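Subject: Structure handover

Hello,

Here is the structure I promised you. My notes follow below it.

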Amino acid sequence: MNAADGESLAEQFAEIGMVPGVPLQDADLAVLVTCAVRQHAEDRASSHLGVLASWKTMRAGRAIALTGCMAGEHGETLLRRFPQLDYVFDMRESDGFMARMRDLYQGALEGPVPLPGSDRLLAYLPVILGCNEMCTYCIVPFVRGREASRPAAEVEAQARQLVGQGVAEITLLGQNVNSYVAPEDGSGLPELMARVDRVPGLRRLRFLTSHPRNASDRLLDAIAELPTACEHLHLPVQSGSDSCLRRMKREYSVAEYSAVLERARERIPGLGLSTDIIVGFCGETEEEFEATMRMLRQVRFDTVHVQAYSPRPGTAAYRRADDVPLAVKKERLQRVLRLQRRISLERNEALVGTRVQVLVEGVAGDGRAFGRTRQNRVAWILSEARPGEEVSAEVVSASAWQLLAA
Ligand code: SAH
Ligand code: SF4
């Protein structure tokens, strides 16, 4: 979401005549797009602010702006704590900030500048903002607001524009992307995907992130049937224990979640599956954690993103005791990582000898091309290939995190 916000800001800056994305040493303005989902993300933003503070003193006329999820939560406090910080603005209302920049730099601006980086192959396209769920650990609904879907026609027009600029793969984006409802006619994500799928020249279509509760059969059918829709589903489960899921207010049981995956695997041959896990949530017992490990062994995801629970002020869970000691959180994190490394390796090794479709994203210094398969696995290609090419290659070896194909 922040990458998409960064891209959107770059476009808005170019429109008013400011050149986005120049190296920091040449820049007059630095914009920090922040995340508040875990304490670690906030700490990183604070340390970036420290670095930018000394960058600012190196030349007169420099300024620092901050946006993203920390802006809403801590805007006022940040302005007080970091005297070097000049502006804090809400991404949802960036027009006001842009108008201010235009006025401020008026004398130096000469109308819209072309956007650099037209060689972009992959693009994020936000289709729904905010989240209406109330998972007890999560800050997102507080900082990103209620769900608001963009008109399907607008999304389609933007997809056409992106493909026209050379984009081959689009990821439709939302905190809860599968609760998308087109304001025009009430149709959902499957219909929106069908619309974007028809954009001439688009090669691959993905979406991120889905709530298990809204993973309908129609959505699964869309993945199976639409030519550009990639056979990959990222479906965050968070925990493999029903009691923990209830405390998280996730509104599904492990059995319901597993049933969705079963239907997905039935309908979509070769489906790539990934998920998010939180370990050490308030009151997580050893048995509850074991249930998560059991589920991971049963489902056998391709990729698992695991995080230790980080209490977020203002959320419902913040009022409960953060009672799993840090050492236990770390140990559980390592256990998930160890288990998943083995499973990912086994799943990737099973692909040796099969053919995969790789959309080449770049070429490394040593001349080897890399990209991702339709199932979202990272793959290196032994033969020569150029960015933007879609190569069919045979997997010759595999590690837990990537494939080697020739
Ligand atoms: N909308 C998505 C997730 C958005 S947040 C969903 O419903 O799953 C991205 C991920 O950050 C979550 O899946 C969760 O695993 C993690 N996360 C969110 N809040 C967290 C917290 N307080 N502590 C640790 N991890 C958290
Ligand atoms: Fe946060 Fe996702 Fe739950 Fe929304 S659905 S509250 S974004 S974890």
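D221 and R267 form a salt bridge through their side chains, at 2.8 Å from N to O. This is a predicted model, so please read every distance here as a computed one. D221 belongs to helix 8 (residues 217–225) and R267 to helix 10 (residues 254–267), so the bridge ties together parts that are 46 residues apart in sequence. D221 is partly exposed, at 24% relative accessibility. R267 is partly exposed too, with a relative accessible area of 30%.

Other salt bridges

The count of salt bridges is 34.

R332 and E286 meet through their side chains at 3.4 Å, N to O. R332 sits in helix 12 (residues 326–349) and E286 in helix 11 (residues 286–299), so this pair also links parts 46 residues apart in sequence. R332 is buried, with a relative accessible area of 5%. E286 is partly exposed, at 32%. The cut-off for buried is under 20% relative accessible area, so R332 falls below it.

R347 and D302 form a salt bridge at 2.8 Å, again N to O. R347 lies in helix 12, while D302 lies in the loop between helix 11 and strand 11 (303–308), so the pair ties together parts that are 45 residues apart in sequence. R347 is partly exposed, at 21%.

There is also a network. Salt bridges link E169, R203, R204, R206, E361, R372 and E390.

Three strands form an open sheet in the order 9-10-11, and they pair in parallel. Strand 9 (232–234) and strand 11 are the edges; each has a single partner strand, so one side of each has no neighbour in the sheet. From one strand to the next, the twist averages 10°.

Strand 10 (residues 272–279) pairs with strand 11 over six bridges, in the parallel sense. I278 has Q307 of strand 11 as its bridge partner. Helix 11 packs on this sheet and touches both strand 10 and strand 11. The direction of helix 11 makes about 175° with that of strand 10.

A second open sheet has three strands in the order 1-2-3, with parallel pairing. Strand 1 (29–34) and strand 3 (87–88) are its edge strands, each pairing on one side only. Strand 2 (residues 63–68) runs parallel to strand 3, and two bridges join them. L66 stands opposite V88 in strand 3.

Helix 1 (residues 2–16) lies across strand 1 and strand 2. Helix 1 runs at about 150° to strand 1.

Helix 2 against helix 3

The axes of helix 2 (residues 39–57) and helix 3 (residues 69–81) come within 13 Å of each other. They cross at roughly 35°, and the crossing is right-handed. Which residues make the contact? Helix 2 supplies E42, A45, S46 and L49. Helix 3 supplies M70, H74, L78 and R81. By class, that is four nonpolar, two polar and two charged residues.

Setting aside residues up to four places away in sequence, E42 touches C35, A36, M70, H74 and R312. Two of these, M70 and H74, belong to the helix 3 side of the contact.

That is what I have on this one.

Best wishes

Technical notes. Residues are numbered from 1 along each chain as its sequence is written. Chains are lettered from A and ligands numbered from 1 in the order in which they are written. This is a predicted model: local features need pLDDT of at least 70, side-chain atom pairs count only at pLDDT 80 or more; totals for chains, interfaces and linings use all residues. Side-chain values use heavy atoms; hydrogens and water are left out. Two strands pair if DSSP finds at least two bridges between them. Helices (H or I, at least four residues) and strands (E, at least two) are DSSP runs, numbered from the N terminus. Contact means heavy atoms within 4.5 Å. Axes are lines fitted to C-alpha atoms, for helices over the stretch in contact, and angles run from 0 to 180 degrees between N-to-C directions. A salt bridge is a side-chain nitrogen of Lys or Arg within 4 Å of a carboxyl oxygen of Asp or Glu. Buried means under 20% relative accessible area, exposed over 50%, partly exposed in between (1.4 Å probe, protein chains only). A crossing is left-handed if the near helix is turned anticlockwise from the far one by less than a right angle, and right-handed if clockwise. Ala, Val, Leu, Ile, Met, Phe, Trp, Tyr, Cys and Pro count as nonpolar, Asp, Glu, Lys and Arg as charged, and the others, Gly among them, as polar.
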